[in-house]
Amino acid sequence: MIAGWEALPAALAAHLAISAAALGLALLVAAPLVLLMPGRPWLRRGVMGLASVVQTVPALALLALFFPLLVLLRNATGLEVPSLGLLPSLLALALYALLPLLRGGAGGLAAIPDGVREAARAIGMSPAQRLFHVELSLAAPVVMGGLRTAAVWTIGAATLATMVGQPSLGDLIFAGLQLQDWRQVLLGCMAAAGLALVVDAALGLCEAGIARRRWPPALAGIALLALLAAGVAGWWWQARAASAGRPVVIGTKTFSEQYILAELIAADLRRDGIAVEVRSGLGSGIAFQSVAAGGIDISIDYSGTLWTQALGRTDVLPRSAMLPILARDLKARYGVTLAARLGFENAYALAMKRSDAQRLGVKTISDLARVAPQLRLATDLEFQSRAEWASLKRSYGLGFASMRAYTPVLMVAALKDGAADVITAYSSDGALAGADVVLFTDDRGALPAYDALLLVAPGRDDLGRQLARYEGRIRVEAMRVANAQADRATNKRSPAEAARWLARETGLQ
Amino acid sequence: MLQAPPALSLSGVTLALGGVPVLNGIDLVVPAGSLVALVGASGAGKTSLLRLVNRLVAPDSGQIRLFGADIAASDPVQLRRGIGHAVQGGGLFPHWTVADNIAAVPWLLGWPKPQRMARAAELMAMLDLPAALASRFPAELSGGQASRVGLARALAARPGLLLLDEPFGALDPETRTALADRLEALHRAEGLTTLMVTHDIADALLRADLMLVLEGGRIVAAGPPRAVAASPHPAVRALIDQPLAQAQALAGMAP
């Protein structure tokens, strides 16, 4: 049984729902624009230019950009605008679907011969009659072509909605990527591709029916689409019936430790009869913003990250001084409760192959600074723009021959394959347990501590009290082994299985 | 005795499109039942003159009366349904069958379907279109057939006024003559008033009751073909002298 199999129906339905909603919204925007275009070349140029520019923005970035935009909007208007989940996904995907719709629409209308338009007016058709009986009828095949392209693009891009907290088939893909569970990645991809093919085929039947003015294929296409809609509606109905009231939502960032801890807490709360939903694969900053906004109820974060990213501090304090300030300021500025310190640290560290470190005589980051100009550094995607890197540079005078960003799961591989000499690593990373790698710690105290913390959304102090029992219960050794169980290539365990092991090991069960 | 108003009259009509003057001070009276030929070089304003009559464009000044009534006071959509207009190039709806194309205006006017189809069949027979073409689409027609369908569409709702913009433009001479003969017969039989833009000067001279020569947005000669043919105006001579010389040369060759 492939991991993620049981999550597939819900992910499929959610994926279809968000795709359809985005496509519908895009159609509502595109249709009037297209209809206004004939005779207004400036409008055509402007709108098509804008849509083309949008298309050059990677879909992932477009989704992510809507988060700060909506936060700005909320702050500017004072309205309760949700900045995560459905709304940003809907807006970004709709924007992304605009170009093919506009192209198809404008192209279809432009392809109508001038003589036909003139004749339609000359014989006394009203504007509405011209629109429906001539312009739209004639443009329909090209318009449908644009709609099909838009539908396929949207279904593909909707996998990225996972990153802003909207459930989709991306849940399977991103979880699989982080856990290096390629079968789960494949399952998510194939489900998305299959969905795209089915929708494309249904629209293709509609297109054929319209183009040849034949009802049977058009009806078959409509029936297929209706069947998909019924599937979504059925799932929604069932999900609604199943969860009386909103479940507690645990959000995770995109790495194994987060998945495992989320499963650990979820299992624990479920034993108390609480309905729990795990929303996995949130971007690092988005996870915190989500818990602050109440979009999720529980998140797992790290003191050093919160210190620099959420509080914007650049000073480095000892752990004993830092945690009380963090707890106070998170509550005061965001209403977020620091429910528990789990007991282990997942610190940023720099790592090298043991053989390289011995040859170059590197034992500390200070030693590393000496030889760094000849070495290549591989970092995770965010490290180079984080305050921690600035602080390391400042404290140690670190400077590398080159720096390149990698997806976290590939960094240890980059080191082993010789693509990089030094990598950024996390002290609780399971991959380090097996690898012949040396971790250099921060001997000058340039970095804050990265204690793993449980955060609880404003107004959920009940959960805060419940989670207090995790205080100091998880040691770094245990966490590292659990991470290795989920990350390793052979005898891989699912996050839930690793969480059960961790619960037994730490006596939390 | 009270005289019936003319089918169409224009007085002091001027039109500019996009700031460019197209028609300038057009005065014109078309008696009911006449076949009027509009001739002139390309860009002289012939098509615009037709488009003014069914309000596809509005004049900048001047007045246009149709059977005595100012068209500016009419509803343009209703007005157009009462005027048969065959636009340049035919403008057939590619997604409608031949019969539906022909019966377009009756459909707009709400005729019941049997009546529409009967009218379409009648017109197809009158214009020598095989009945089997009724369910075909315009892309399947020859140039001559498409022209006939365009003409049939203009005639379908029995309009009082017919506007024809180069109805035989792209046809070979034999087809053109046959179709023009048929049109002229229909025009006489149904008591129509017809305004026809044409480049076929000889045909216009031989068939029209009234001939108008346009140049640079003005009518430079108007009247019965015989009178117009005698006009010394350079624009008229430029149009007429060559076909006239050809006709004389041809007459000399006749056995």
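How many helices and strands make up the secondary structure of chain A? In this predicted model, chain A has 21 helices and 10 strands.

**View 1. Overall composition of chain A.** Chain A has 509 residues, of which 47% count as buried. Among the contacts in chain A with a separation of 6 or more, 77% are between residues 24 or more positions apart.

**View 2. Packing of helix α1 against helix α6 in chain A.** Helix α1 of chain A spans residues 8–36, and helix α6 of chain A spans residues 127–157. The two axes lie 9 Å apart and form an angle of about 135°. Because angles over 145 degrees count as roughly antiparallel and those from 65 to 115 as roughly perpendicular, α1(A) is oblique to α6(A). The crossing of α1(A) past α6(A) is right-handed.

**View 3. Residues between α1(A) and α6(A).** From α1(A), the residues in the contact are S19(A), A22(A), L23(A) and A26(A). They meet A150(A), A151(A), T154(A) and I155(A) of α6(A). By class, the residues of this contact comprise six nonpolar and two polar, with no charged residue.

**View 4. The contact of chain B with chain A.** Chain A contributes 14 residues to the contact and chain B contributes 18 residues. On the side of chain B that touches chain A, the elements giving two or more residues are α2 (76–81) and α4 (104–108) of chain B. The residues on that side of chain B are eight nonpolar, seven polar and three charged.

Technical notes: Residues numbered from 1 in each chain as written. Chains lettered and ligands numbered in written order. Predicted model: local features only at pLDDT ≥ 70, side-chain atom pairs only at ≥ 80, totals over all residues. Contact = placed C-beta atoms within 7 Å. Helix = DSSP H or I, 4+ residues; strand = E, 2+ residues; numbered from the N terminus. Nonpolar A, V, L, I, M, F, W, Y, C, P; charged D, E, K, R; others polar. Axes fitted to C-alpha atoms, helices over the stretch in contact; angles between N-to-C directions. Parallel < 35°, antiparallel > 145°, perpendicular 65-115°, else oblique. Left-handed = near helix turned anticlockwise from the far one by under 90°. Buried ≥ 20, exposed ≤ 12 C-beta atoms within 10 Å, placed from the backbone.
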